[in-house]
Amino acid sequence: MKRNYDLGLLVLRIGVSCLMLTHGIPKFLAFIGGDLSVVGDPIGIGALLSTILVLLGELVAPVLIIIGIKTRFAAVASAITMAVAAFMVHGADPLAKKELALLYLFSFIAIAFMGAGSISVDKK
């Protein structure tokens, strides 16, 4: 039973995080290509700092989650990024427009609560 739980966590961690990388990698490539304000300024802290925080939530944190290093912390970072995307960036949009951000948000919240499981570098 424990093995199924850990396999389920592994599938969730890898699946959600790999899909998140499809959003983070293009932003990172644009950023290193010179676009220092890839995401704008949704929370009023400046476009550059906002972009850096989004890259942490959509690129760095998912890689950590896949590997299973500091998984809970990384999942919280990604969840915060998705909360901002869902409720601030797409706040006025219809549900269909913010649905993907909400799915990521709930997935990362679940990972934050459950941790990485035993199939990870942290093995907790």
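Helix α3 covers residues 71-89, 19 residues in total. Its first and last C-alpha atoms lie 25 Å apart, close to the 27 Å expected at 1.5 Å a residue. The model is predicted.

**Helix α3 and its packing**

- The buried residues of α3 are Thr71, Ala74, Ala75, Ser78, Ala79, Thr81, Met82, Val84, Ala85 and Ala86.
- These buried residues pack against three helices: α1 (2-32), α2 (47-67) and α4 (95-114).

**The largest pocket**

- The volume of the largest pocket is about 520 Å³.
- Its lining counts 25 residues. Closest to the pocket centre are Val54, Glu58, Thr81, Met82 and Ala85.
- Thr81, Met82 and Ala85 are also among the buried residues of α3.
- Helices α1, α2, α3 and α4 each supply at least two lining residues.
- The top contributor to the lining is α3, with seven residues.
- By class, the lining holds 17 nonpolar, five polar and three charged residues.

**Salt bridges**

- The structure holds two salt bridges.
- Side chains of opposite charge can pair when their charged atoms come close.

*Lysine 2 and aspartate 6*

- Lysine 2 has a relative accessible area of 53%, so it counts as exposed, the cut-off being over 50%.
- Aspartate 6 is at 2% relative accessibility, so it counts as buried, the cut-off being under 20%.

*Glutamate 58 and lysine 27*

- The side chains of glutamate 58 and lysine 27 meet in a salt bridge at 2.8 Å, N to O.
- This pair links distant parts of the chain. Glutamate 58 is in helix α2 and lysine 27 is in helix α1, 31 residues apart.
- Glutamate 58 has a relative accessible area of 6%, so it is buried.
- Lysine 27 has a relative accessible area of 21%, so it is partly exposed.

How values were computed
Residues numbered from 1 in each chain as written. Predicted model: local features only at pLDDT ≥ 70, side-chain atom pairs only at ≥ 80, totals over all residues. Heavy atoms only, no water. Helix = DSSP H or I, 4+ residues; strand = E, 2+ residues; numbered from the N terminus. Expected span 1.5 Å × (residues − 1). Buried < 20%, exposed > 50% of the residue type's maximum accessible area, 1.4 Å probe, protein only. Contact = heavy atoms within 4.5 Å. 1 Å grid on protein atoms, 1.4 Å probe; cavity = no way out; pocket = protein on both sides within 12 Å on 5 of 7 lines; lining within 4 Å. Points joined across faces, edges and corners; volume = space filled by probe spheres on them. Nonpolar A, V, L, I, M, F, W, Y, C, P; charged D, E, K, R; others polar. Salt bridge = Lys/Arg side-chain N within 4 Å of Asp/Glu carboxyl O.
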